[in-house]
Amino acid sequence: IDRDFFKNYPYLKYLSLSNVKIQIDEEMFAQLNLKELVLEKNDLKHLPSTLKHIQSIEYIKIKNQPINSLDESKLFESLTNLKFLEFNTIKLKNLAH
């Protein structure tokens, strides 16, 4: 999915990219104004750093991803509206802080 894929959907509030075996351009997240994001079974090795630009996000669910390390403290620090964060069945080997 390229960075401009969602640019014509400024009112999109919920996005579920589940079981999508395609490349996701991280820059697409910078354009979104979501409340909820679900990333499930996408073979993500790390969290997209551009998630920090979704200031409106309240709910993030990340499930069944081969994420090896989580060094995203600054990413979550900027998500001041985040109320719910779920990691489920990820292959985390390193948790940096």
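Here are a few friendly notes on this predicted model, point by point.

1. Ground rules. The model is a prediction, so to speak of local features a pLDDT of at least 70 is needed, side-chain atom pairs count only at pLDDT 80 or more, and totals for chains, interfaces and linings use all residues. Residues are numbered from 1 along each chain as its sequence is written, and side-chain values use heavy atoms, with hydrogens and water left out.

2. Confidence. The chain averages a pLDDT (the predictor's confidence in each residue, from 0 to 100) of 80, and 82% of the residues score at least 70. Confidence is lowest in strand β6 (residues 94-95), with a mean of 55, and highest in β2, at 90. Strands here are DSSP runs of E, at least two residues long, numbered from the N terminus.

3. Strand β1. Buried means under 20% relative accessible area, exposed means over 50%, and partly exposed lies in between, using a 1.4 Å probe and protein chains only. β1 pairs with β2 (residues 36-40) in the parallel sense over five bridges; for two strands to pair, DSSP must find at least two bridges between them. Within this pairing, Leu15 stands opposite Leu37 in β2.

4. Aromatic pairs. The structure holds two of them. The ring centres of Phe5 and Phe6 are 4.8 Å apart and the planes are at 80°, so this pair is edge-to-face. Rings of Phe, Tyr and Trp (its six-membered ring) pair if their centres lie within 6.5 Å; planes under 30 degrees apart count as stacked, over 60 as edge-to-face and the rest as tilted. Phe5 is partly exposed at 48% relative accessible area, whereas Phe6 is buried at 10%.

5. The other pair. Tyr59 and Phe84 have ring centres 4.7 Å apart and planes at 5°, so they are stacked. This pair links distant parts of the chain, with Tyr59 in β3 (residues 59-65) and Phe84 in β5 (residues 84-90), 25 residues apart. Tyr59 is partly exposed at 23% relative accessibility, and Phe84 is partly exposed at 37%.

6. Ser56. This residue is found in the loop between β2 and β3 and is buried, at 13% relative accessibility. A polar contact of 2.9 Å joins the side chains of Ser56 and Asn33. Such a contact is a pair of N or O atoms within 3.5 Å; within protein, one must be able to donate a hydrogen and the other to accept it, and residues adjacent in sequence count only if both atoms are side-chain atoms.

Key
Helices (H or I, at least four residues) and strands (E, at least two) are DSSP runs, numbered from the N terminus.
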